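Please look at the sequence and the structure before reading on.

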Amino acid sequence: MLILENVMLALAGLKANKTRAVLTMLGIIIGIASVIAIMTIGNSIKGEFSSFADSMGADQITLYVTSKSDDREDPYMFMDMGFERKGREMQKSDYMKTEYTEDLKEHFAGRISGISLVEEVAEKGTSKNGSLYAYVKVRGLSKDCFNTNDYDLKMLSGRGFYDRDYVDGKKICIVSDYYCNNMFGGDTDAALGKKISVVIDKKYYSYTIVGVYKYDNTKAGGMFSASSAKDTITDLYLPFLTAIKQTHNTSGYSSISVKAADLNEIEPLANDIVEYVNEKFYRNNDHYKVKSYTMTSFIEEYMGQLSSVSIAISAIAGISLLVGGIGVMNIMLVSITERTREIGTRKALGATNNSIRIQFIVESIVLCVVGGIIGMTLGIAIGMVGSKLMGAKASISVLSILVSFGFSAFIGIFFGYYPANKAAKMNPIDALRYE
Amino acid sequence: MAEIIHLENIIKRFYVGQPNELEILHGISLSVEEGVFASIVGASGSGKSTLMNIIGALDKPTEGSYTLDGVDIIAARDEELSAIRNRKIGFVFQTYNLISRTSALKNVEMPMLYKGVRKKERRERAQMLLEMVGMKERMSHTPDELSGGQKQRVAIARAMACDPAIILADEPTGALDSKTGRTVMDIFHKLNQEQGKTIVLITHAPELAEETGRIITISDGNITGERINPNPGYHPSSASDDEPEIQF
C-alpha cells in the first residue's frame, strides 16, 4: 500500500521537476538505448545469417578430398583459397567413387538420410528449335539430391524422377519453366513428353521432358545470370546414371554431400565419416585424404564471434549505464538535502526509518525505470532502423529488454540505497529545524 | 483526571562527555491531565524547544522518566517512538511543515497512511477534519496555493488525523498576523472545549499563554512558575491590545 503511494508520489515529483528528471534520466536513457540497439542489431544479423545458413543446408556434411599435408582447421566454404597443394596432382584413384556412397549408406544406416551426388555435365548447353532457343546447365542428380535444400524443386507439371529412372539410364530430363517459356510459349503441359535436343560442345544430345519445375531465381546462380529472363541459364536435370553414361566419368568425385539424419549429431557424424573413409579407402594413399566441413561448425564459429562482439560493445554501452546510475545517486542526494524538512515532518508524523528508506528507494527506482522505458523504446527504434539499413530483418532481443529493464531497476535500488539510507537515518529534530 | 503527560526530573544535556557539554534542562517535573489546554511559556533560549522535543517523543532526555498516555517513552525503541508519534501526538509547527506539491487532503491523510488506515476510511476522515477546520473547499489545493492561516488550519487537521492523545503546538501563531492567529487559537479552544482534546501550546507570548487553562513558565531550563487559570479562553478587553489582560 505504501509502495503504491510512494510510486504515485515519485511520479508527481518527476512531473514537478521535469527538466531535472530528464537530465538525470539521460544517462540511463542513453545507456539502455545503446545496449538494446546493439543487441537488436546483433540479433537481427544473427537471425539473418541463421536463415541464410539454413538455406545453405544446415544438415549437410561436405566430404572433400584434400592433400595429406592439409591441416587447416576450418576451411569452410572457401576450401581452396590460398592453399597450395603439395605433392602430385590428383589422379583417378584419389577421387571418391560412387561405391563409397553405397558403403557409407550401409555403414552409417540410420545416421545418414541421404548422400547426394551431382554430376556436372555441362556449364552451358544450348537448346534450339528454329528461332527459339534456351540456355541450360546440365546436371545429373542422384536420388538423394531431391531431399536437400539445394534441389528443393517445385514441380509445375509432369513428374520428378522415379526410382527406376536412376537405374535404367533412360534419356529423360526435367526442365525449368523459363525453358518452357522460351521453347514452348510457356505451356508447361505441352512440353511434357517432348523430345528436345541440347548442343553441348558441338555435340547433340537428346532427352525427353518428363517434368517442369519452377525456377527459383533467388537461389545462388540467379544473381549471376544474364540480364533478361530469356538468356538466363537454368538447370536441366538428368538422372545420375544417365549423366554418368554421357560424361563417361569413371574417376569419381572430389567432394560429396552427406545429409545427416539428426541435426544435433552433425559434428560427431562428420568426424566418424571422415575417420571411416580415411581408414577404409585412403589408408594406402600417400598423398590424399578426405576432410569434412559442415555448416554447423561455420555457423557456430560465426555466431560466437558475433555474440562476443555485441557483448563487448554492449559492455561499453553499459558503462554509460553506470555513469547514469551515479547521476541518479547524485540527484537523489540533492533531493534529500532539499527535502530535509519534509523528511523531518514525515518522521514527526510517524514515518519509521524504513518507510522513509522505502520512499526514496522507490523514487530512485521510478526515476531509473522511467528512464529505462524511454531508453528501451529509443533503443528498439534505433535497432530496427539500424537493422533495416544493414538489410537484415529486425528481430528484437526480448532477453535484452528484460535484462535492461531489470538492470535499470537494479541501478535504482543500488544507487538509491545510499541516499535513501541517509534520509532514513536523519535525526527528526535536526531535520525539522533544517533551513 | 488521568494524567496524560508525566515528566519526572528530566535532565537534558548536549555533547555529553565532551568539553563543551551543555545542560539545557536541569530536572523538570511536570504533569498534564487529560482534557487540559496547557501552555509552556518561556523566552527564547529558555529550553522550551528542547522540552517540546522530549514531550513530542522526538528526542529522549539524558536522565529522568517520561510517561505519555501510559506508555514509557524512555524505554521505547526507535520504531516504537515512530508509532507513538503517529498515534499519540499531533504536531502543529510554527512553519506549518506541510508536504509540498501534495494536496491538503493528502497531507491530512499522511499520518493515517503511516498508521495503515484503509484508503476509503482515510479519505473520509481527512475530509471530515478539513471540514472541521473550515478548509473543505480547498482540500485539493497544494500548500503553495494556500495562505499562512489556511496552511496552519490544514496542519491542525493533520495533527488530528490519528485522534492523538495530545496536540503539541509549537508557536502555532508565530508566523501569522494577529487576525489569522486568532482564528487558529479559536480552533484550538474549540477542539479543547468540544472534543476534550488535551493540548500543549509552546509559546514565548504570555498573552497567548493566558488563554490556556494551565500556564507553565520555563526559564533557564527550570520551571519557574505553574498556575491554573480558572477562566481560560479568549477574553477581549476594552483595554489596549498591548496590555494583555491577566486574570487571577
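In chain A, the axes of helix H10 (residues 340-348) and helix H11 (residues 353-389) come within 10 Å and cross at roughly 140 degrees. H10(A) is therefore oblique to H11(A). The crossing of these helices, H10(A) and H11(A), is right-handed.

The model is predicted: local features need pLDDT of at least 70 and side-chain atom pairs count only at pLDDT 80 or more, while totals for chains, interfaces and linings use all residues. Residues are numbered from 1 along each chain as its sequence is written, chains are lettered from A and ligands numbered from 1 in the order in which they are written, and side-chain values use heavy atoms, with hydrogens and water left out.

Some terms need their definitions. Helices (H or I, at least four residues) and strands (E, at least two) are DSSP runs, numbered from the N terminus. Axes are lines fitted to C-alpha atoms, for helices over the stretch in contact, and angles run from 0 to 180 degrees between N-to-C directions. Angles under 35 degrees count as roughly parallel, over 145 as roughly antiparallel, 65 to 115 as roughly perpendicular and the rest as oblique. A crossing is right-handed if the near helix is turned clockwise from the far one by less than a right angle, and left-handed if anticlockwise.

Where H10(A) meets H11(A), Glu342(A), Ile343(A), Arg346(A) and Lys347(A) are in contact (heavy atoms within 4.5 Å) with Asn353(A), Ile356(A), Gln359(A) and Phe360(A).

| Helix pair | Angle | Axis distance |
|---|---|---|
| H9(A) (295-338) and H12(A) (398-424) | about 30 degrees | 9 Å |
| H3(A) (98-107) and H8(A) (266-281) | about 125 degrees | 12 Å |

The angle between H9(A) and H12(A), about 30 degrees, makes H9(A) roughly parallel to H12(A). H9(A) passes H12(A) in a right-handed crossing. Among the residues that meet there are Leu321(A), Gly325(A) and Ile336(A) of H9(A), and Phe407(A), Tyr418(A) and Lys422(A) of H12(A).

H3(A) and H8(A), by contrast, are oblique to each other, and H3(A) passes H8(A) in a right-handed crossing. Tyr100(A), Asp103(A), Leu104(A) and His107(A) of H3(A) touch H8(A) at Ile273(A), Tyr276(A), Val277(A), Lys280(A) and Phe281(A).

How many cavities of 30 Å³ or more does the structure hold? There is one. On a 1 Å grid over the protein atoms alone, a cavity is a set of points where a 1.4 Å probe fits but cannot get out, and lining residues have an atom within 4 Å of a point. Grid points are joined across faces, edges and corners, and a volume is the space filled by probe spheres set on the points. The largest cavity has a volume of about 60 Å³. Its lining includes Leu349(A), Arg85(B), Phe91(B) and Arg158(B). S6(B) gives the most to this lining, with three residues.

Notes: 1 Å grid on protein atoms, 1.4 Å probe; cavity = no way out; pocket = protein on both sides within 12 Å on 5 of 7 lines; lining within 4 Å.
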